[in-house]
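Subject: A structure for you to look through

Dear colleague,

Here is the structure I promised to hand over, together with its sequence. Please open it first, and then read on for what was found in it.

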Amino acid sequence: MTYLNQVILESIRLHGSISAIMRKATKDTKLPGCTLPAGSRIVIALQTMGYDKEHFPNPRQFLPERFSPEKQKERHNYSFLPFSAGPRNCIGKSYAMIMMKTVLVHILRRLQVTSHTNLSDIKYELKVVMHHKSPLLVTFHPR
């Protein structure tokens, strides 16, 4: 189950459903090169964070080991925010992770899954939630 969790997180890093969130600075915040005044609106590009080479070397490769417990300890807690963080994080995070693991375990125990879509061929359309423009074709075969 630990590795399944890593696979899910790496999948979300590469193909997350929420591209950005907006927050409001509650106090003056000093950053390198500027200060954000209290009340500023801040856009946090969640999708872009997953491709930061400093935190995720070779960002276009699918490497679930990035999310091993040891590797996660090496990374800043806020370097990957698939469900946001802090007081305004997604209240459904735990439920979503449990449901994804449960469904995947049931599918993978009973079926062999074959993808007919290359990861590099997936193109997205930015709406409130990311949508893929073309079908993601897969075939299921009984084990």
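Before anything else, one term is needed: a residue counts as buried when its relative accessible area is under 20%, and as exposed when that area is over 50%. Phe67, with a relative accessible area of 2%, is therefore buried, and Phe56, at 0%, is buried as well. Please keep in mind that this is a predicted model. In the protein as a whole, buried residues make up 24% of the 143 residues.

The C-alpha trace spans about 60 × 35 × 30 Å along its principal axes. Among the contacts between residues at least 6 apart in sequence, 57% join residues that are at least 24 apart.

Now to the aromatic rings, where rings are taken to pair if their centres lie within 6.5 Å. By this rule there are three aromatic pairs. In one of them, the ring centres of Phe56 and Phe67 are 6.1 Å apart and the planes stand at 35°, so this pair is tilted. Phe56 and Phe67 each lie in the loop between α2 (46-49) and α3 (69-74), so their pair ties together parts that are eleven residues apart in sequence. The rings of Phe67 and Phe80 have their centres 5.0 Å apart and their planes at 55°, so they too form a tilted pair. This pair links distant parts of the chain, since Phe67 is in the loop between α2 and α3 while Phe80 is in the loop between α3 and α4 (93-110), 13 residues apart. Phe67 and Phe80 are both buried, and ring pairs link Phe56, Phe67 and Phe80 into a cluster.

Charged side chains also meet rings here: Arg75 lies over the face of Phe67, at 4.9 Å from the ring centre, and the charged end of Arg13 sits over the ring of Tyr51, 5.7 Å from its centre.

Finally, the helices: how do α1 and α4 cross, right-handed or left-handed? The crossing of α1 past α4 is right-handed, and the axes of α1 (residues 2-15) and α4 come within 11 Å and cross at roughly 115°, so the two helices are roughly perpendicular to each other. Where they meet, the residues of α1 include Leu4, Ile8 and Ile12, and those of α4 include Met97, Met100 and Leu104.

How values were computed. Residues are numbered from 1 along each chain as its sequence is written. This is a predicted model: local features need pLDDT of at least 70, side-chain atom pairs count only at pLDDT 80 or more; totals for chains, interfaces and linings use all residues. Side-chain values use heavy atoms; hydrogens and water are left out. Rings of Phe, Tyr and Trp (its six-membered ring) pair if their centres lie within 6.5 Å; planes under 30 degrees apart count as stacked, over 60 as edge-to-face and the rest as tilted. Helices (H or I, at least four residues) and strands (E, at least two) are DSSP runs, numbered from the N terminus. Buried means under 20% relative accessible area, exposed over 50%, partly exposed in between (1.4 Å probe, protein chains only). A charge sits over a ring if NZ of Lys or CZ of Arg is within 6 Å of the ring centre and within 35 degrees of the ring normal. Axes are lines fitted to C-alpha atoms, for helices over the stretch in contact, and angles run from 0 to 180 degrees between N-to-C directions. Angles under 35 degrees count as roughly parallel, over 145 as roughly antiparallel, 65 to 115 as roughly perpendicular and the rest as oblique. A crossing is left-handed if the near helix is turned anticlockwise from the far one by less than a right angle, and right-handed if clockwise. Contact means heavy atoms within 4.5 Å.
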